[in-house]
Amino acid sequence: MKKYFSLVLFAHTIFAMPFALMAFVFACKSEYYNPSLNVWILLFQVVGCMVFARNVAMGFNRWADRKIDAENPRTAGRDIPAGRISPREALTFVAVNALLFLAVAATINPLTAWLSPVALLVVMGYSYCKRFTSLAHLVLGLSLGIAPAGAYIAVTGRLDWPVCLLSLLVMTWCGGFDIIYALQDAAFDRERGLHSIPARFSARTALIISAALHLVSVGALAAFASYCPQGWLLWTGCALFVGLLLLQHILVTPTRQKNIGIAFGTLNGLASLTLAAFVILQLLINS
């Protein structure tokens with residue numbers, strides 16, 4: 001179990017899970033919530049789908065990139081190149097989690113059942129995007145942005161504008177910080193013919209694009225917040241989220257990239273947890 005947690009970087013669930021929970025509570029407080037539903041069983045199903053889908057996404061990514069990872073000094077120590085997990089074991093792990101995801105999604109409602117194969121195609125398709133497009137960062141963002149939309153659909157059986165804004169927020173936020181993370185591999189990607197924003201442009205231009213995506217995130221957050229019950233908790237959470245976005249752009253510059261790890265993992269993890277905690281509290285208080 002420990003080695004598979006390492007394979008899929010289970011700790012990184014902290015990026016999308018808080019937004020899924022936020023969308024779940026938002027949906028439960030909406031006019032489309034069916035009181036006859038058992039909210040705890042539904043929450044268990046949603047969290048299960050989140051975990052299984054992420055396991056598929058990361059496991060398949062590690063399998064698809066195993067040869068690339070072996071050539072990159074930064075990633076050569078990952079589980080498959082290092083021999084701790086065989087490619088066959090990784091692919092079996094992906095297949096089992098994909099089947100579990102489809103099975104659980106089918107038990108929620110008809111729309112989640114029909115859309116679950118589409119979600120799998122997106123989260124698995126991301127792994128090949130950097131072979132032909134610099135927009136792979138946004139495909140990764142879309143993969144994470146599915147989480148709040150899926151949670152909302154699980155509760156309501158429909159897709160509405162507010163949760164689309166939340167998905168846009170996640171997509172551009174993730175795309176922006178993934179550009180920052182990809183600065184580490186810009187030279188390697190150019191040498192191997194792989195595509196990314198930092199490989200295509202200078203570090204300065206890449207960081208400008210990242211900041212522009214995060215500005216879209218802030219706009220999407222403000223628009224989503226306008227659909228929530230208003231109060232100091234909501235806007236405090238939003239302010240802290242924006243502040244943490246700003247801080248990572250202060251810490252990482254074209255000439256100072258030693259803080260990429262802090263910006264990528266610590267600050268973005270704090271941003272998602274903080275925003276979700278404050279927004280969910282506001283939703284519950286105003287219920």
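Here is a short tour of a predicted model, with stops at a pocket, some salt bridges and a surface patch.

**Stop one: a pocket.** Select Leu21, Phe24, Val25, Cys28, Lys29, Val39, Trp40, Leu43, Ile280 and Leu284, and you have the lining of the second largest pocket. Helix 2 (17–28), helix 3 (39–64) and helix 13 (260–285) each give two or more residues to that lining. Helix 2 provides the largest share, with four residues. Color the lining by type and you get nine nonpolar residues, no polar ones and one charged. The pocket's volume is about 210 Å³.

**Stop two: salt bridges.** There are eight to find in the model. Start with Glu71 and Arg192, whose side chains meet at 2.9 Å, N to O. Glu71 sits in helix 4 (residues 66–71) and Arg192 in helix 9 (residues 186–192), so this pair ties together parts 121 residues apart in sequence. Both ends are partly exposed: Glu71 has a relative accessible area of 45%, and Arg192 has 34%.

Glu191 counts as exposed, at 62% relative accessibility.

Next, pick Arg74 and Asp185, where the closest N and O atoms are 2.5 Å apart. Arg74 is in the loop between helix 4 and helix 5 (87–106), while Asp185 is in the loop between helix 8 (161–182) and helix 9. Asp185 is buried at 11% relative accessible area, whereas Arg74 is partly exposed at 33%.

**Last stop: the surface.** Show Leu111, Leu115 and Val118, which make a nonpolar patch of about 220 Å². Leu115 belongs to helix 6 (residues 110–129) and is partly exposed, at 37% relative accessibility.

Definitions and conventions:
Residues numbered from 1 in each chain as written. Predicted model: local features only at pLDDT ≥ 70, side-chain atom pairs only at ≥ 80, totals over all residues. Heavy atoms only, no water. 1 Å grid on protein atoms, 1.4 Å probe; cavity = no way out; pocket = protein on both sides within 12 Å on 5 of 7 lines; lining within 4 Å. Points joined across faces, edges and corners; volume = space filled by probe spheres on them. Nonpolar A, V, L, I, M, F, W, Y, C, P; charged D, E, K, R; others polar. Patch = residues over 30% accessible without salt bridge, like charges linked within 9 Å, V, L, I, M, F, W, Y side chains within 5 Å. Areas by Shrake-Rupley, 256 points an atom, 1.4 Å probe, with all protein chains shown as cover. Salt bridge = Lys/Arg side-chain N within 4 Å of Asp/Glu carboxyl O. Buried < 20%, exposed > 50% of the residue type's maximum accessible area, 1.4 Å probe, protein only.
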